[in-house]
Amino acid sequence: MQHQPNLIDGQWINADDGTTLEVTDPATDQTIATVPSVGQAETRRAIDAAHRAFEPWAARPAAERGRLIARLAELMHRDADRLAGIMTAEQGKPLGEAKGEIAYAASFLEWAAGEAPRMYGESIPSSSSEKRILVLRQPVGVCAIITPWNFPAAMITRKIGPALAAGCTAVIKPAELTPLSALAIGELALEAGLPPGTVNILTGKARVIGEAFFDDQRVRKLSFTGSTPVGQQLMRQASGNLLRLSMELGGHAPFIVFDDADLDRAVAGAVACKFRNAGQTCICANRFYVQSGIYEKFMQRFNAAVANLKVGRGTQEGVHVGPLINDAAIDKVREHVQDARDKGASVPVGGEKVTIQGLADRFWKPTVVDGMTPEMLCANEETFGPVAPVARFEHDREAIDAANNSPYGLASYFYTSNATRLMRTAEALHYGIVGANDAVPSTAQAPFGGVKHSGFGREGGKYVMDEYTSLKYVSWGLV
Ligand code: ADP
């Protein structure tokens, strides 16, 4: 079995006390590797390294920083098969999706590499002829980066890409469940020639590492992707040192199908949006609202498409839906489906576990819940699993009000062929991301992020550089 150490200052290290965490394959429950379980002392050393590396890195010409980031992207493409294998082993998603994620992860580095030399400042006409006003855009400093298990590579590159491009350095704490993809990216960062200390990666007890981040004045920024309760907790902790924050938190995406939708596209979009990564993404459709004029046709096609999805181990050819990440995830899905049944919904497709010979008891049949009502758990909480609850509606306003009736505000989707309805609906949805006839909106060129309990800050597009830079105003007196 493999042991994969942590990365501090360009060196591979173990925990001072030698303790380790086991990494398991969710499809088999087998331990596939161990990683260090580091504590406060190692975290402080990583921050020391990031702090030492910061000024020389920020002083490098931006184009040079961009070239090294682009080199890391190239190496990820070169090793895409190997990296996808690691991801499927620790996270469970089908290999094809894992490969897609590696390309997607690399695209954030490519985008950031291009942004590095475009960190424009400004000059502003002064009210005094004796003064000049300059605005410089400067890196915020050492960034703490905390990421979740559902996109083990992309959640890291979309943070370190712009951080490094801006001239920041990073200490990354990936999710305990999926540290191997992060550490593999760390190896490639060294190979790409990123200087020691610019990228440091620690695995261990989240709370202990987190506390060390928040105790240290030299950490100036936290970029977090994860659940809303943990984000709220980290925000409170981050207030001690008034850290800059980017918070990409939970979602509860509505997916509306209007009567005039292109049915083929709406069905294909609904399946892609709901069942990618077995429904374990923060922008997955969580609840469907289908207009009554198209309801029967949509349900017939949707049910048939969902029933055709193949469940199995991610390494198996032709599998669409892999295992859920752990037993708690299965329990939550079961609870949501049972609750919907108890409250009167029918379950035309799925609704139960799938037992696969020789594999862990962690596979759930892709499920459609027909007749969702507002009091059901699935209408309010993130299911984070392969369950599609559907409600019928009559008037546009009803669907939009239902869609907006959530504390979350990350992604939302709808299908219509009418341009006026499209624009009005896009404007009316209280969400950071709107997929209008598009079920897969996430891309490196566009600003990804939420409103309300889904957090704040934008990843992707030119806007992401704001997250890792601050403005410095130089008032220049002419003597
Ligand atoms: P998910 O449900 O996606 O695992 P979490 O919010 O639980 O979402 O976890 C996201 C990331 O936050 C993980 O890397 C996890 O280890 C980390 N995390 C959880 N609790 C804390 C904490 N108290 N301090 C620092 N990091 C934490």
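**Helix packing and ligand contacts**

Good morning. Helices here are DSSP runs of at least four residues (H or I), strands (E) of at least two, numbered from the N terminus.

The model is predicted, so to speak of local features requires pLDDT of at least 70, and side-chain atom pairs count only at pLDDT 80 or more, while totals for chains, interfaces and linings use all residues. Residues are numbered from 1 along each chain as its sequence is written, and side-chain values use heavy atoms, without hydrogens and water.

Let us stay with this first pair. H3 covers residues 80-91 and H6 covers residues 179-192; their axes come within 8 Å and cross at roughly 160 degrees (lines fitted to C-alpha atoms over the stretch in contact, with angles from 0 to 180 degrees between N-to-C directions). That makes H3 roughly antiparallel to H6 (over 145 degrees; under 35 is roughly parallel, 65 to 115 roughly perpendicular, the rest oblique). On the H3 side, Arg 82, Leu 83, Ile 86, Met 87 and Glu 90 meet Pro 179, Leu 180, Ser 181, Ala 184 and Leu 188 of H6 (contact means heavy atoms within 4.5 Å). Sorted by class, this contact of H3 with H6 has seven nonpolar, one polar and two charged residues (Ala, Val, Leu, Ile, Met, Phe, Trp, Tyr, Cys and Pro are nonpolar; Asp, Glu, Lys and Arg charged; the others, Gly among them, polar).

The second pair is H2, residues 62-78, and H5, residues 154-166, which pack at an angle of about 155 degrees with axes 8 Å apart. H2 and H5 are therefore roughly antiparallel to each other. H2 passes H5 in a right-handed crossing. From H2, Arg 65, Ile 69, Leu 72 and Met 76 meet Thr 157, Ile 160, Gly 161, Leu 164, Ala 165 and Ala 166 in H5. By class, the contact of H2 with H5 has seven nonpolar, two polar and one charged residues.

At what angle do H9 and H10 cross? The axes of H9, residues 263-275, and H10, residues 292-307, come within 10 Å and cross at roughly 50 degrees. That makes H9 oblique to H10. The crossing of H9 past H10 is right-handed. The contact of H9 with H10 has 11 nonpolar, no polar and three charged residues. Among the residues of H9 in this contact are Leu 263 and Phe 275, and among those of H10 are Ile 294 and Arg 301.

Next, the ligand. Which of the 16 residues around the ligand come nearest? They are Thr 147, Trp 149, Lys 173, Glu 176 and Ser 227 (near means a heavy atom within 4 Å). A polar side-chain atom of Trp 149 lies 3.0 Å from a ligand oxygen atom, and one of Lys 173 lies 2.9 Å from a ligand oxygen atom. For Glu 176, an N or O atom in the side chain is 2.6 Å from an oxygen atom of the ligand.

Finally, a loop residue. Leu 359 lies between strand E16 (353-354) and strand E17 (363-364). Leaving aside neighbours within four places in sequence, Leu 359 is in contact with Ala 27, Thr 28 and Arg 313. Thank you.

Definitions and conventions: A crossing is left-handed if the near helix is turned anticlockwise from the far one by less than a right angle, and right-handed if clockwise. A polar contact is a pair of N or O atoms within 3.5 Å; within protein, one must be able to donate a hydrogen and the other to accept it, and residues adjacent in sequence count only if both atoms are side-chain atoms.
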